[in-house]
Amino acid sequence: MNIQTKFHGEIEIHSDQLWNFPKGIPGFEDEKEFVLLPIEGNDIFQVLQSTDTQTVAFIVTNPYTTVADYSFDIDAPTIELLNIEKPEDVFVLGILTLKQPFESSTINLQAPLIFQMNNRKAKQMILNDNRFTTRHTIGQPKETK
């Protein structure tokens with residue numbers, strides 16, 4: 001199918017590229033289907049693009065490259081919703097807020113995106129952990145407070 005994207009124009013995607021967010025993303029509960037798209041010339045960041053709404057797209061990255069000791073437990077409701085059986089079934093991304101200069105951009109460590117690779121379901125999980133913020137500057141050293 002073809003979709004209109006915020007950063008890539010019109011592109012063709014295949015069903016095996018789709019990620020289903022059964023409950024949407026907080027603030028975007030009606031957006032249930034997304035695709036991860038590369039950013040040309042950049043292996044660190046990707047675009048999480050809604051397949052339904054062109055303007056709903058988030059720049060995402062692996063939070064473990066930003067904060068060396070980033071860790072959390074996935075809560076029971078998320079494990080159940082995504083049918084997670086073992087840690088190897090998932091990967092985690094964080095949503096960025098881009099700023100100028102780029103080093104002052106931030107990543108949301110308080111609400112990671114959890115992706116279950118076997119069934120292609122995903123969820124943004126809100127942490128109750130005061131070690132992490134919604135606006136961790138990516139230019140900071142790779143350590144938590």
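Me: In what sense do strands S3 and S4 pair, and over how many bridges?
Reply: This is a predicted model, in which local features need pLDDT of at least 70 and side-chain atom pairs count only at pLDDT 80 or more, while totals for chains, interfaces and linings use all residues. Residues are numbered from 1 along each chain as its sequence is written, and side-chain values use heavy atoms, with hydrogens and water left out. Strands are DSSP runs of E with at least two residues, helices are runs of H or I with at least four, both numbered from the N terminus, and two strands pair if DSSP finds at least two bridges between them. S3 covers residues 18–20 and S4 residues 33–39; their pairing is antiparallel, and the number of bridges is three.

Me: Which residue in the hairpin of S4 and S5 takes a positive phi?
Reply: The hairpin has two residues between its strands. The phi value in question is near 75°, and the residue is Gly 41.

Me: What joins S1 to S2, and which residue is the bridge partner of Thr 5?
Reply: S1 (residues 2–5) and S2 (residues 9–12) are antiparallel, paired over four bridges. A hairpin of three residues joins them. In S2, the partner of Thr 5 is Gly 9.

Me: What pattern do the helix and strands follow along the sequence?
Reply: The protein contains one helix and 11 strands. Read along the sequence, the pattern is β-β-β-β-β-β-α-β-β-β-β-β.

Me: Where is the cis peptide bond, and what is its omega?
Reply: Pro 101 sits in the loop between S7 (90–97) and S8 (106–107). The cis bond joins Gln 100 to Pro 101, with an omega of about -5°.

Me: What is the C-alpha separation of Gly 139 and Pro 101?
Reply: Gly 139 belongs to the segment after S11 (136–137). Its relative accessible area is 52%, so Gly 139 is exposed; the classes are buried under 20%, exposed over 50% and partly exposed in between, with a 1.4 Å probe and protein chains only. Along the chain Gly 139 and Pro 101 are 38 residues apart, and their C-alpha atoms are separated by 10.0 Å.

Me: Which residues does Ser 104 touch beyond four places in sequence?
Reply: Ser 104 is also in the loop between S7 and S8, and its 25% relative accessibility makes it partly exposed. Thr 137 is 33 residues away in sequence, but 5.7 Å away from C-alpha to C-alpha. Counting contact as heavy atoms within 4.5 Å, Ser 104 touches Lys 99 and Thr 137.

Me: Is Gln 124 buried or exposed?
Reply: Gln 124 is located in strand S10. Leaving aside neighbours within four places in sequence, its contacts include Phe 21, Ile 25, Ile 95 and Leu 113. Its relative accessibility is 10%, so Gln 124 is buried.

Me: What is the phi of Asn 83?
Reply: Asn 83 lies in the loop between H1 (76–82) and S7. Its relative accessibility is 42%, so Asn 83 is partly exposed. Although Asn 83 is not a glycine, its phi is positive, about 55°.

Me: What is the phi of Arg 120?
Reply: The loop between S9 (113–116) and S10 (121–124) holds Arg 120. Arg 120 is partly exposed because its relative accessible area is 25%. Arg 120 is not a glycine, yet its phi is positive, about 60°.

Me: What radius of gyration does the protein have?
Reply: The radius is taken over C-alpha atoms, and the globule rule is 2.2 Å times the number of residues to the power 0.38. For 145 residues, a compact globule would come out near 15 Å, so the value agrees: the protein has 15 Å.
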